[in-house]
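Thanks for coming, everyone. Let me put the structure up, and then I'll walk you through it.

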There are 2 protein chains.
Amino acid sequence: MIGRLNHVAIAVPDLTAAADQYRKTLGAQVGAPQDEPDHGVTVIFIELPNTKIELLYPLGDASPIRGFLDKNPAGGIHHICYEVDDILAARDHLLASGARVLGTGAPKIGAHGKPVLFLHPKDFNGCLVELEQV
Amino acid sequence: MIGRLNHVAIAVPDLTAAADQYRKTLGAQVGAPQDEPDHGVTVIFIELPNTKIELLYPLGDASPIRGFLDKNPAGGIHHICYEVDDILAARDHLLASGARVLGTGAPKIGAHGKPVLFLHPKDFNGCLVELEQV
């Protein structure tokens, strides 16, 4: 069911410093910051040859990653995203397997403009898992 | 400097259950458990089309991931691994940039039989970063 690893998302306490570090210290290809007000984050994509790293920084007072950074002030890996061909079929298969889908269970349009769902970390080895239909 | 994302390593509290979940619930290609006594872990590799997930479970009393699971009983993402062409050149560049390399600074032979180094999470947005020479 799952396909490629679309990205690893890292919540960071200082977006400029993290982007500079990936660009200069790690020598990676780092994009420009993009505000995603619908998701309460500013993101920077780092393009690796086979996948992406997504740096996340809170945008607005209701940012869903504010609490994560409060608990992890140095930052940390926030979620991993797997690609699926059919997000509704994936959701129904997961629900039938007893896994919990966060929110209403209806896919939202994610930061890449594609339908996404998040799965409950307690059901997936403590990892917040995003599924993205590609 | 960094190239492909070689793998995302997830520490899990129940290796059989996690492997079953990736195989049956997520429909991924899951390998057989491999004991790595030199590293204090039993690993299972999950082959995605573009990278790998490495499930980690403690092996032996001195396993380096025992403490992580004590702190995170449900499991969690333990580290991410980037590939580099020349691990000594990468190390020297990182040290010159002020980043800390864990241990003696000499590469060890990792679970894939290749030289690896780990970087201090506090220097990399709370993420434990492994570099592997490929």
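**The domain and the pair of chains**

UniProt, in an unreviewed entry, places the feature "domain: VOC" at residues 4–134 of chain A. Its positions follow the numbering used here, feature names are shortened, and annotations may be inferred rather than shown by experiment. Over residues 4–134, chain A is 21% helix and 36% strand. The end C-alpha atoms of that stretch are 10 Å apart. Helices (H or I, at least four residues) and strands (E, at least two) are DSSP runs, numbered from the N terminus.

Some ground rules. This is a predicted model: local features need pLDDT of at least 70, side-chain atom pairs count only at pLDDT 80 or more, and totals for chains, interfaces and linings use all residues. Residues are numbered from 1 along each chain as its sequence is written, chains are lettered from A and ligands numbered from 1 in the order written, and side-chain values use heavy atoms, without hydrogens or water.

Next, the aromatics. Over all chains, the search finds two aromatic pairs. Rings of Phe, Tyr and Trp (its six-membered ring) pair if their centres lie within 6.5 Å; planes under 30 degrees apart are stacked, over 60 edge-to-face, the rest tilted. Tyr22(A) and Tyr82(B) have ring centres 6.1 Å apart and planes at 90°, so they are edge-to-face. This pair runs from helix α1 of chain A to strand β6 of chain B. Tyr82(A) and Tyr22(B) also sit with centres 6.1 Å apart and planes at 90°, so that pair is edge-to-face. Tyr82(A) is in β6 of chain A and Tyr22(B) in α1 of chain B, so this pair joins two chains.

Are these tyrosines buried or exposed? Tyr22(A) and Tyr82(B) are buried. Buried means under 20% relative accessible area, exposed over 50%, partly exposed in between (1.4 Å probe, protein chains only). Tyr82(A) is buried at 0%, and Tyr22(B) at 1%.
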